[in-house]
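Hello,

Here is the structure we spoke about. Please look it over before reading my notes, which follow below.

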Amino acid sequence: MTLDVQFMTIITMVLGGFYLGTAHDTFRRFSIHWRQRTLLMYTLEISFWLIQTLVLFYLLFLVNNGELRFYVFLAVLLGYAAYQALAAPLFKRILERMIYLVKAVWHFVNQVGQALVVTPVKWLVHVLAVFILFLLRLISSICLFLLKLIYFPLRWTCRLAYRCVPKRMQKNLDKISFHYSKIKHNVIKWMKNNVSKWR
């Protein structure tokens, strides 16, 4: 390994250690949201360190084809220590500002979405439901009126026809009407009893 490659390796690993410090502080800032969930906490912790290891090894692979030397670990520690000593407080403040900004933007987008999408859709659904109910009531009123309009002339015609038929046939029709009324009464009584049981 040439001196140039060694120098680039050290610089890259120092920057990698600096990056590791920022990633670690960012992860710790968000870990408060899953601290109470033990299984999720351990899963994310292991995943975080595996990802950081892969990132650092990928950087090392780009610089010197992944050759590990003792000074590589020292360079990473140096970069991490430099971050903690020089940039950690500033980075944490910037991170908090960014989180606050993202929350503010999300709150604004949510309010705009409520005002421009959710509220008009609710109002439209309400108006549509009221219109459909009005239409159903109107149709039922028209149908009831038409039934009444047909029922009375039909009833008058049936009574007139009943008077015109012979007496013997009238007796048969009276028997049929009596049985029909009895069946109707029994069905209504049965339905009332079952409805009261279901309640």
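**Notes on the model**

H24 is buried, at a relative accessible area of 15% (buried means under 20% relative accessible area, exposed over 50%, and partly exposed in between, with a 1.4 Å probe and protein chains only). This is a predicted model, in which local features need pLDDT of at least 70 and side-chain atom pairs count only at pLDDT 80 or more, while totals for chains, interfaces and linings use all residues. Residues are numbered from 1 along each chain as its sequence is written, and side-chain values use heavy atoms, with hydrogens and water left out.

H24 lies in helix α1 (helices are DSSP runs of H or I with at least four residues, strands are runs of E with at least two, and both are numbered from the N terminus). Setting aside neighbours within four places in sequence, H24 is in contact with F48, W49 and Y80 (contact means heavy atoms within 4.5 Å). Between H24 and Q52, 28 residues apart along the chain, the C-alpha separation is 9.2 Å.

As for the whole chain, the protein has four helices and zero strands, in the order α-α-α-α along the sequence. Of its 199 residues, 16% count as buried. The protein exposes about 16800 Å², and carbon and sulfur atoms supply 73% of that area (accessible areas come from the Shrake-Rupley method with a 1.4 Å probe; for residues, only the protein chains shown count as cover). Of the contacts between residues at least 6 apart in sequence, 73% join residues at least 24 apart.

Next, the pairing of α1 and α2. Helix α1 covers residues 3-30 and helix α2 covers residues 38-64; they pack at an angle of about 160°, with their axes 9 Å apart (axes are lines fitted to C-alpha atoms, for helices over the stretch in contact, and angles run from 0 to 180 degrees between N-to-C directions). The two helices are therefore roughly antiparallel (angles over 145 degrees count as roughly antiparallel, under 35 as roughly parallel, 65 to 115 as roughly perpendicular and the rest as oblique). On the α1 side, the residues that meet α2 include V5, M8, G16, Y19, H24 and F27; on the α2 side, they include F48, W49, Q52 and V55. By class, this contact has 15 nonpolar, six polar and two charged residues (Ala, Val, Leu, Ile, Met, Phe, Trp, Tyr, Cys and Pro count as nonpolar, Asp, Glu, Lys and Arg as charged, and the others, Gly among them, as polar).

Two further residues. V72 is in helix α3, residues 70-164, and counts as buried because its relative accessibility is 4%. Not counting residues up to four places away in sequence, V72 touches T9, M13, L60 and E67. V72 and I10 are 62 residues apart in sequence, and their C-alpha atoms are 6.4 Å apart in space.

I11 is in helix α1 and counts as partly exposed, at 36% relative accessibility. The C-alpha atoms of I11 and V76, 65 residues apart along the chain, are separated by 9.3 Å.

Regards
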